[in-house]
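Colleague: I would like to go through this model feature by feature. Please give the general idea where there is one, then the case at hand.

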Amino acid sequence: MPRHATYVPQGMIPAVLLPFDNDLAIDESSFRKHLRDVAAVEGLSAITINAHSTEVASCSFEEQKRVLEIAQDEVGARLPLVNGIWADGSIEAACIARMATQGGASALLMFPPAPFTLGQSPAMALAHFRRIADATDLPLIVFQYPLATGQGYPKDTLLKLCEEVPTIRAIKDWIANVPHHEWHIRTLQNLPRPVNVLTTHSSWLFSSLVLGCNGLLSGSGSVIADLQAQLFRAVQKNDLTEARRINDRIEPTARVFYADPFVDMHNRMKEALVLLGKLPRAVVRPPLVKLERSEIALIRQALVEAGLLDKNAARDAA
């Protein structure tokens, strides 16, 4: 299996969507096309699969394995693949990590275990990551949730993880707190063994990138990877005039994708790709449900405002 052995998670990393047929099975042909469409964007450093954006919580182990196989077949020779590790228990997480390693993934995105919503200690977090690190030599990306969820890692815990688990090379930062986010950037990226901060604050991406993130990992990259890549390059060049111009195009999409309820974000992105003619249908697995036509109309308008869709050529969502 192709594997980019020296990959360090950084730069522009879109997280792709997972299309389904009307019977809720994976639509493999549409997924292959979606992967090719996203991978064709200039300036990507990797693509993420088996994450929130692919509705991983609704996918079986065998389906996650198949998602990785398809992604390897379509784009794995060109781009590193970041494979999400979603499991409530550390033993299952290590099993998925071994599968992803054998399947040719180049890095692993570590979702926090759901039991941490009831409380966690540094010892628990360390035990979880050590078990996974023992199962794979791949670089690990810590998914940092907001602390209010109970699944986010406090500063001392995160520093302990970075110190004692040498394969942790980045965090996907969803802390949702600007001063704490800036602390991540200033502290983690300047450790003796630097840990990159990949922002996933996609509803305020421009502001986040200006603070100095070394990358971004975003589900909205499934729709606007080109705009996000342009924004990242402009900020890296310190061309804030150009960055603001691109951000003005991104803002309408962020407004509709990340509206309440937040859980519908990737549902909305599927509808956007249908409107753009890039997916045949926007089917999601329960407990997610089809969006109302009134909300789809708002997504259509946002795509027009962003310059992604001609208002006269907009097609109805399936």
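Colleague: Which unit do β7, helix α7 and β8 make?

Modeller: This is a predicted model, and in it β7, helix α7 (residues 205–210) and β8 make a right-handed β-α-β unit. The two strands of that unit, β7 and β8 (residues 215–218), run parallel and are joined by two bridges.

Colleague: Which unit do β6, helix α6 and β7 make?

Modeller: β6, helix α6 (residues 178–188) and β7 also form a β-α-β unit, and it is right-handed. β6 and β7 pair in the parallel sense, over four bridges.

Colleague: Which residues stand opposite Thr199 of β7?

Modeller: Asp173 stands opposite Thr199. In β8, Leu216 is the bridge partner of Thr199.

Colleague: Which way do the residues of strand β7 point, and are they buried or exposed?

Modeller: From strand β7 (residues 196–199), Asn196 and Leu198 point one way, while Val197 and Thr199 point the other way. All of these residues are buried.

Colleague: Next, helix α4. How far does helix α4 reach from its first C-alpha to its last?

Modeller: The idea is to compare the span with the one expected at 1.5 Å a residue. Helix α4 (residues 122–135) has 14 residues and reaches 20 Å, close to the expected 20 Å.

Colleague: Which residues of α4 are buried, and what do they pack against?

Modeller: The buried residues in α4 are Ala125, Leu126, His128, Phe129, Ile132, Ala133 and Ala135.

Colleague: Where is Thr136, and what does Thr136 touch?

Modeller: Thr136 sits in the loop between α4 and β5. Thr136 is buried, at a relative accessible area of 7%. Leaving out residues up to four places away in sequence, Thr136 touches Ala97, Thr101 and Leu108. With Thr101 there is also a polar contact, side chain to side chain, at 2.7 Å.

Colleague: Now the charged side chains. How many salt bridges does the count come to?

Modeller: Side chains of opposite charge can pair when their charged atoms come close. Here the count comes to 18 salt bridges. One of them is between the side chains of Glu63 and Arg285, at 2.8 Å from N to O. Glu63 lies in helix α2 (residues 61–76) and Arg285 in the loop between α10 (265–275) and α11 (293–305), so this pair ties together parts that are 222 residues apart in sequence.

Colleague: Are Glu63 and Arg285 buried or exposed?

Modeller: Glu63 is partly exposed, with a relative accessible area of 22%. Arg285 counts as buried, at 8% relative accessibility.

Colleague: Finally, the backbone. Which peptide bonds are cis?

Modeller: Most residues other than glycine have a negative phi, and most peptide bonds are trans. Cis bonds here include the one joining Asp260 and Pro261, with omega about -5°. Pro261 is in the loop between α9 and α10. The bond from Pro286 to Pro287 is also cis, with omega near 15°, and Pro287 is in the loop between α10 and α11.

Colleague: And which residues have a positive phi although they are not glycine?

Modeller: Among them is Glu55, with a phi of about 55°. Glu55 is in the loop between β2 (47–49) and α2, and is buried, with a relative accessible area of 6%. Ala176 has a positive phi of about 60° and is found in the loop between β6 and α6.

Note on methods
Residues are numbered from 1 along each chain as its sequence is written. This is a predicted model: local features need pLDDT of at least 70, side-chain atom pairs count only at pLDDT 80 or more; totals for chains, interfaces and linings use all residues. Side-chain values use heavy atoms; hydrogens and water are left out. A salt bridge is a side-chain nitrogen of Lys or Arg within 4 Å of a carboxyl oxygen of Asp or Glu. Buried means under 20% relative accessible area, exposed over 50%, partly exposed in between (1.4 Å probe, protein chains only). The expected span of a helix is 1.5 Å times one less than its number of residues. Two strands pair if DSSP finds at least two bridges between them. A crossover is right-handed if, with the strands pointing away from the viewer, the path from the first strand over the helix to the second runs clockwise. A polar contact is a pair of N or O atoms within 3.5 Å; within protein, one must be able to donate a hydrogen and the other to accept it, and residues adjacent in sequence count only if both atoms are side-chain atoms. Contact means heavy atoms within 4.5 Å.
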